[in-house]
Amino acid sequence: MNQFQYSRPTKQQAAIDAVAKDPNAAFIAGGTNLVDLMKRGVTSPQKLVDINRLPLGKIESQNNGLRIGALALNSAVAEDRQVREKQPLLALALNAGASPQLRNMATVGGNMLQRTRCAYFYDTTMPCNKRQPGTGCGALEGVNRMHAIFGFSDKCIAVHPSDMSVALVALDAVVQVSGPKGNRSIPFADFHRLPGDTPEKDTNLTPGELITAVDVPDGPFTKHVHYQKVRERASYAFALLSVAAALDIDGSNIIKAARLAMGGVAHKPWRLTTAEQMLVGKPATEETFRQAADVAMQGAKSFKYNAYKLKLGPNAIVQALKTAAAA
Amino acid sequence: MNTEPENASPHDDSRRTFLKQSTLLTAMALVPGPVVSAAEAKLDERVAEAIEQVPLSLKVNGKKLKLSVEPRTTLLDLLREQLHLNGTKKGCDYGQCGACTVHVDGQRVNSCLSFAVMHDGKEITTIEGLADGDKLHPMQEAFVKHDGFQCGYCTPGQIMSAVACVREGHAGSEGEIREYMSGNICRCGAYSNIVAAIQDVKKGGQKV
């Protein structure tokens, strides 16, 4: 691994300044993705700014929602009583991700900022436009079994691996960031990017901007929720594909509100708003769910080795909605 | 680090001298002031140079230690290479196998995926710190009783994870144990016996 300078500021502004003024500097929190990437030589920051001494780990109720500090650990959020009561979908998604050890290290901000990636990004002997812009995409004509079916470009077809982010985009979360030019709020759906011509950029953060918290607004999705993750072993594997489903169903089994998002299908967590709108006002039946799944999959396109996702996707959506309705 | 003398200890003068001498000459020229005095300075509001030995206070298995490490030293490498606590194993070195599992302030983590310097002031427990003198920890006894291993390489990580699994309250059923032990891979396939060992400890109700 490359050598690097290390600092551990106790003031937020000092941390922001240190990264803003140096293009080769990076924040480090849990380190579960960054250390991994550094060991493999995929990324090699010259300066690490350890933000673990900043007071950003609280989970608190405020303004009709929960404010989850950027440094709150994935395990702490998943086990938090308020989160489990108000946003059970988020707890389910968190517990579907990584391993208990990694969830004890990974933070909420870091989970969002883990790289959108694939095996070609990790293999430094292969071309990758994300790792080294302009070198081409190894996955496009390569082994693309894990890759995107929505929103990709000919520059990059990798997917974002976060489970937590699939729940957060479905729940209309808002990302609070602080940077050299002050604070701003970013709707979760606008936080991550599609690859386009600049696959090296995973998010819309500007240099030096630091995630301070994620706000999750209160909603009616406290009961009928499910996170369906399909993977190649029972646990501790990336999703081939995942579905976050949340329903509000009235006494006559009519859907009053719906949220639906997928993971493992695009460069960013993939919200399915058209399918959500289609669900509202309809009875919560398998027939309705199948119609929504068909709508959700419109525009999906596969590559040589991931055509199975075109069939797995709608089935996983139906399964997630059925399980959510029965919860 | 790989070339250090085997008998070196963290407080051994010859080792410190060796480390200094082994530093690149060009890098030495860039160090502001003597390495040792830099190591004693407060780190909170300044930047440690890349080739500098950074001060680090840890409590490891109940023992307070004042150390100095290069920033890129992982917690795992510190434990194994510098403190010679070789019970904690390096399996994949990428957070995928769990062989390096230790407790930091009571929480199980992959020691391979974090830099030692990030744990300043923390309390680390490794497999060596689990037993009470010659008396094995109940989880260690249960692994022996149930044959919870074959080659044994993953075992320290399995046991550290298993203790945490019970403490966290995630050992309620076989399914829950399997889910919450999923971060520890055993290529010999001793899983069923590992689950039996954890269930035994859980049922025994002993304090772990």
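This is a predicted model: local features need pLDDT of at least 70, side-chain atom pairs count only at pLDDT 80 or more; totals for chains, interfaces and linings use all residues.
I found 13 residues of domain 1 of chain B in contact with eleven residues of domain 2 of chain B; contact requires that the C-beta atoms, placed from the backbone, lie within 7 Å. Strand S4 (residues 101–104) of chain B gives the most to the domain 1 side, with three residues. I noted that this side has five nonpolar, six polar and two charged residues. Ala, Val, Leu, Ile, Met, Phe, Trp, Tyr, Cys and Pro count as nonpolar, Asp, Glu, Lys and Arg as charged, and the others, Gly among them, as polar.

I checked the bounds: domain 1 of chain B is 13–129 and domain 2 is 138–204, from an automatic or database domain assignment.

I recorded that local features need pLDDT of at least 70 and side-chain atom pairs pLDDT 80 or more, whereas totals for chains, interfaces and linings use all residues. Residues are numbered from 1 along each chain as its sequence is written, and chains are lettered from A and ligands numbered from 1 in the order in which they are written.

I turned to the other chain: 31 residues of chain B are in contact with 24 residues of chain A. S5(B) supplies the largest share of the chain B side, four residues. By class, I read 14 nonpolar, nine polar and eight charged residues there.

I looked for strand pairing (at least two DSSP bridges). Strand S1 (residues 5–7) of chain A runs antiparallel to S1(B), joined by two bridges; Tyr6(A) stands opposite Ala48(B). Helices (H or I, at least four residues) and strands (E, at least two) are DSSP runs, numbered from the N terminus.

Notes: Two residues are in contact if their C-beta atoms, placed from the backbone, lie within 7 Å.
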